[in-house]
Amino acid sequence: MLRVLLTLVVLLLLGTVVLVEVYTDAGFSPDGTDPRSSRDSAVPPAVLNGGPVIDFSGDTATSARMPAKTLALTFDDGPDPAWTPKILDVLARHHVPATFFVVGSEVARHPELARRIKAEGHEIGAHTFTHPDLASLPAWRRDLENSQTQLAIAYTTGRSTSLLRPPYSSFADALTDGDYATVRAVGEQGYLTVLDDVDSEDWKRPGVDAIVRNATPPNADGAIVLFHDAGGDRSQTVTALDRLIPRLQRDGFRFTTVTQAMGLPADPRAGAADVWRGRALVWTVRAADGVLRLLWVLLIVAGGLILIRTLVLFLFAWTHARRRRAPSWSWGLPVTAPVTIVVPAYNEETTIAPAVSSLARSAHPGVKVLVVDDASTDGTTAAVDALKLGNVRVVRIPSGGKATALNTGVALCHDDLIVMVDADTVVTPDAIHQLVQPFADRRVGAVAGNVKVSNRRGLLGKWQHIEYVIGFNLDRRLYDTFGCIPTIPGALGGFRRSALSDAGGLSTDTLAEDTDLTMAIQRAGWKVVYQESARAYTEAPATMRQLWRQRYRWSYGTMQAMWKHRRAVLEPGHFGRGGLPLIAVFTVLLPLLAPLIDLMAVYGVLFLDRQVTLLGWLAVLVIQILTAVLAFRLDREKLGPLWTLPLQQIVYRQLMYLVLLSSALAALTGRRLGWQKIRRTGDFSSAPSG
């Protein structure tokens with residue numbers, strides 16, 4: 001239950017981060033660029049033909065204009081870390097105060113700029129939290145936009161503001177019925193709506209001369225002049241201000257803030273409660289930004305690892321296959337020594353008969369099969385006895401788990417070569433003979449067989465078949481090349497008795513006894529190799545629930561084994577210093593990071609450039625398809641099942657992500673699990689007959 005809760009918490013946190021980013025990072029176009037309705041029948045003539053400052057504090061709406069020869073420079077959409085400081089520098093150089101209508105989310109991201117604005121004698125007005133069109137929002141969302149902006153200003157400056165400029169507004173005579181309803185609603189909450197009567201149109205970037213010309217008021221009229229300090233390249237704005245201000249000063253214009261021009265009191269000090277609430281809001285936004293930046297970095301790392309893995313797989317896996325299949329390749333003299341096959345079994349009545357039959361009829365001379373019944377409560381032993389095969393015997397032991405059953409089997413047999421096969425696996429007639437041939441090399445202590453899925457009829461079976469061919473067998477070629485195979489599969493693995501002895505036998509310390517044993521053998525100085533011609537067919541889980549349980553155990557056990565053998569990186573030998581870090585990167589780190597590709601793809605499709613995002617995701621899919629084709633060709637499998645690969649990437653891969661995340665959280669909390677039994681159906685339909 002704890003691991004489920006932890007998984008849900010992690011997913012909830014990631015979802016919250018995405019929602020916060022979506023809300024606070026909504027793209028917007030500059031004021032004046034959105035198409036507006038022209039209906040204005042509800043706007044009083046006094047407002048429609050009045051000044052840019054609209055006040056609802058009295059019984060009726062009033063408007064005011066700037067005094068003659070008085071200018072209030074206003075800047076929308078900031079603060080911006082690139083352009084706001086440059087604009088502040090220009091204003092300071094010419095000793096000119098201004099009014100900055102800030103976007104609350106940007107104040108949260110750049111609180112130092114809001115503080116600098118206030119510290120240098122300028123004033124701050126609200127421009128909503130995410131720059132939406134207020135007229136198109138429901139009342140609750142409009143109030144939320146304004147209140148959150150107030151909280152951000154309160155925390156960063158210690159002040160509140162009564163000035164508000166609705167996004168996408170312009171002149172008073174451009175107010176529509178919808179705009180006026182919004183202005184009236186915010187006015188009743190105590191805000192002064194501040195529009196403008198001179199638009200520099202700097203958002204068009206028409207050139208410095210045009211901006212200066214547009215921002216110069218006609219005659220000697222006073223004006224509220226609209227500029228922008230964010231929303232794109234504002235270099236023209238900076239240059240235009242440096243030219244415009246001294247020219248207007250020479251012409252006798254006085255620069256002031258909106259409140260000073262209107263004779264209004266300074267912004268009141270914010271209450272302590274608002275400051276604390278603002279602190280929580282600001283840090284939520286900044287934390288979400290930080291997490292998203294981290295996610296982008298990790299996404300780049302994941303993409304790089306995928307690219308590196310793909311290139312390495314194509315180079316080394318292909319080379320591995322060509323070298324092993326060359327007519328000149330040989331492990332040494334043919335190995336014909338007797339072999340004992342140990343089959344651990346617990347309630348395997350459904351599959352044990354075909355499994356044991358295929359093993360007993362192996363082409364290798366002198367094969368003996370030892371079935372170790374781990375206190376089964378069904379007819380497992382009876383099913384084996386009914387076969388009446390002379391080279392097969394069954395021993396029953398008290399319940400002790402798979403590792404104990406295998407250790408018992410090893411202790412009861414006397415051959416130097418031992419093969420371990422799961423009770424739900426059938427082998428080809430020559431699989432055992434092929435599996436033991438690498439033992440001609442006296443340095444080889446263990447051999448991994450080529451395990452395939454036998455029940456591929458359903459979609460889930462096809463997806464697991466693809467995963468076995470790509471994720472297991474192709475990777476084994478790579479790891480074999482580098483001498484660091486992490487796992488001898490329980491379905492088919494060969495061992496030299498002396499290697500098992502040096503490794504201390506199978507341990508019950510982890511749930512992945514096969515991975516634990518493989519690593520221990522390599523730490524003892526033995527080579528572990530992959531023999532692709534030794535083929536076995538295992539029954540994969542037939543339901544999502546069973547698949548989850550199996551893969552959870554595998555993932556959890558692998559992490560346990562890696563942690564158990566972590567000191568190998570300090571020991572001499574290729575496995576610890578080279579192999580274990582490679583396994584950690586490509587077996588644990590990359591799968592943990594891979595979900596970011598899909599998460600950020602969804603984020604990008606919904607909130608970023610959809611075309612670029614889809615192209616990026618499709619590029620990753622193409623890499624997966626090419627890798628799959630390579631794996632299937634090297635394994636000499638038909639390409640037919642690959643038609644399900646895109647759907648596998650969307651559905652099956654997400655399940656594997658959750659399994660890995662859940663098992664990683666369980667490993668971190670130190671939980672231990674028992675040997676979980678998977679219900680079998682005995683479907684070996686894809687295994688070759690005979």
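Helices (H or I, at least four residues) and strands (E, at least two) are taken here as DSSP runs, numbered from the N terminus. The model is predicted, with local features requiring pLDDT of at least 70 and side-chain atom pairs counted only at pLDDT 80 or more, while totals for chains, interfaces and linings use all residues. Residues are numbered from 1 along each chain as its sequence is written, and side-chain values use heavy atoms, with hydrogens and water left out.

**Nonpolar surface patch**

- Leu 459, Met 544, Trp 643, Leu 647, Ile 650 and Val 651 make a nonpolar surface patch of about 560 Å², where patch residues have over 30% relative accessible area and no salt bridge, and nonpolar side chains (Val, Leu, Ile, Met, Phe, Trp, Tyr) are joined within 5 Å, like charges within 9 Å.
- Helix α23 (residues 645–669) gives the most to this patch, with three residues, and Leu 647 has its place in that helix.
- Accessible areas come from the Shrake-Rupley method with a 1.4 Å probe, and for residues only the protein chains shown count as cover.

**Helix packing around α5**

- Helix α3 (residues 84–93) packs with helix α5 (residues 111–119) at an angle of about 10°, their axes lying 11 Å apart, which makes α3 roughly parallel to α5.
- Axes are lines fitted to C-alpha atoms, for helices over the stretch in contact, and angles between N-to-C directions run from 0 to 180 degrees; those under 35 degrees count as roughly parallel, over 145 as roughly antiparallel, 65 to 115 as roughly perpendicular and the rest as oblique.
- In this pairing, Thr 84, Pro 85, Leu 88 and Asp 89 of α3 meet Leu 113, Arg 116 and Ile 117 of α5, contact meaning heavy atoms within 4.5 Å.
- With helix α6 (residues 139–157), α5 packs at an angle of about 70°, with the axes 9 Å apart, so that α5 is roughly perpendicular to α6.
- Here Pro 111, Ala 114, Arg 115 and Lys 118 in α5 meet Tyr 155, Thr 156 and Thr 157 in α6.

**Salt bridges**

- The structure holds 30 salt bridges, each defined as a side-chain nitrogen of Lys or Arg within 4 Å of a carboxyl oxygen of Asp or Glu.
- One of them joins the side chains of Glu 145 and Arg 141 (2.9 Å, N to O), and both residues lie in helix α6, four residues apart, about one turn of the helix.

**Backbone features in loops**

- Gly 78 and Pro 79 are joined by a cis peptide bond with omega of about 0°, and Pro 79 lies in the loop between β3 (70–76) and α3.
- Lys 69, although not a glycine, has a positive phi of about 60°, and Lys 69 is found in the loop between β2 (62–64) and β3.
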